[in-house]
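Me: I am new to this structure and would like to go through it step by step. Could you show it to me?

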Amino acid sequence: MRRAVSIDGVVSLGDASRVSATILVVEDEVLVRLMLADGLRETGYTVIEAAGADEALAILQSGTKVHIVFTDINMPGSMDGIGLARIVCSKCPDIDVLLTSAHQGTTELDARIKGFFPKPYDMQTVLAYIKSLFEMRDARSNSSVVKE
Amino acid sequence: MTSEDPSTTLGTILVVEDEVIIRMVISAYLRDCGYKVVEAANADEAVIVLQNPDITVEVVFSDIEMPGSMDGFALARWVRANRPGLDVILTGSVPRAASAATDLCEQGHVSKPYESQVVVDRIRRLIAARAARKKS
C-alpha cells in the first residue's frame, strides 16, 4: 500500500503541524547501523541512515527535517561524531544529539549533548530514551511529532 | 537482527549508492512501496551485508561509479560468483557503462538520473520472474 510521504518527512494527514518523527542515524559499521535503523523503523520512526559525518551534514544541509541525530563518535572521514555533534548543536539547536562510542569517558562531552550510550548498547534502552526525548519535545512545543 | 514476517514486505532490496541524498530518496520510495530496504554506502558495505546469514536480499540495486575497493561492476561480479541466484540492477550516468552493465546482469542498467517508479517496476518484474521460475 502506498502512503503519502514526502522526502522532508511531512506526512499528509490534513494537519500541517503534524510531522513524522525523524531520526538521523550516523554509523560507519553497516550492520550496527542497520540493526538500530531497523529497530527504530519497527517502532514507527522515520529513519535516515548516514555512513559518516560528511553524509550526515549533506542530509542536514538538504533541508530534510530531522528531530534527533544519533551518531557514533569514532568514524573515518573528515570529521568524527564529536565534530558533527558540535556543528549540529550550534547550527541546529532544535535537533537533539545523542552520541555512542565503544571508548568510554575519553572525551568531555558538550553540555548540549542529550545523551551518551556506551557500546555495545541495549536497543530497548536507546528506544526508551528516544521515546522520552520526543515526549519532552512535545511538552516544549504545541506542534505534535507523530510516528508513522 | 530482528526477524521480518515475509508476508508483510514485498522483499528486501539492497540499495548501494555513495551519494547519500540519492540513496535516501530511492530508499524512502522503495520503503513506501512496501519493500524492506538495506542501505549500503559502497560495495564493501554491500558485501558485508550479503555475507550476513541473517539478512536475505532479493535484489541488489547498485550505482556503478563508487569510491572504495570495488565499483558497481566489481560488486556485480562478486554477486555472480558468490550469490549466483541473486538479481542485480546497475545504475550509472556514464554512457559506456550501459553496455558493460548489460553484459553483467540480465536486467541491464537503469540510466541516471532515473525515476524512482522505473526502478520499482524493474524490481517488481525481477521478483515476479523469479517467483515464476520457482513455480515451474
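Predicted model: local features only at pLDDT ≥ 70, side-chain atom pairs only at ≥ 80, totals over all residues.

Me: Let's start where the chains meet. How many residues of chain B are in contact with chain A?

Reply: On the chain B side there are 25 residues, and they are in contact with 24 residues of chain A. Between them the two chains bury about 2,000 Å², and 55% of that area lies on carbon and sulfur atoms.

Me: How many salt bridges are there between chain B and chain A?

Reply: The count is five salt bridges. One of the salt bridges joins Glu39(B) to Arg41(A), with the closest N and O atoms 3.8 Å apart.

Me: Which elements of chain B supply at least two residues each to the side that touches chain A?

Reply: They are helix H1 (20-32), S2 and H2 of chain B. H1(B) gives the most to that side, with nine residues. By type, the residues on the side of chain B that touches chain A divide into 14 nonpolar, three polar and eight charged.

Me: Changing topic: how many residues are in the largest nonpolar core?

Reply: The largest nonpolar core has 26 residues. Those with the most contacts inside it include Leu14(B), Leu50(B) and Val60(B). Helix H1 (30-43) of chain A gives two or more residues to this core, as do strand S1 (12-16), strand S2 (36-40), helix H2 (43-51), helix H3 (72-82) and S4 of chain B.

Me: Which element gives the most to this core?

Reply: That is H3(B), with six residues.

Me: What lies 2.8 Å from a polar atom of its side chain?

Reply: The backbone oxygen of Val110(B) lies at that distance from the side chain of Thr91(B). Not counting residues up to four places away in sequence, Thr91(B) also touches others, including Phe61(B), Ile64(B), His109(B) and Tyr114(B).

Definitions and conventions. Residues numbered from 1 in each chain as written. Chains lettered and ligands numbered in written order. Heavy atoms only, no water. Polar contact = N/O pair within 3.5 Å; in protein donor to acceptor, adjacent residues only side chain to side chain. Contact = heavy atoms within 4.5 Å. Core = buried A, V, L, I, M, F, W, Y, C linked by side-chain atoms within 4.5 Å. Buried < 20%, exposed > 50% of the residue type's maximum accessible area, 1.4 Å probe, protein only. Helix = DSSP H or I, 4+ residues; strand = E, 2+ residues; numbered from the N terminus. Buried area = accessible area lost by both parts, 1.4 Å probe. Salt bridge = Lys/Arg side-chain N within 4 Å of Asp/Glu carboxyl O. Nonpolar A, V, L, I, M, F, W, Y, C, P; charged D, E, K, R; others polar.
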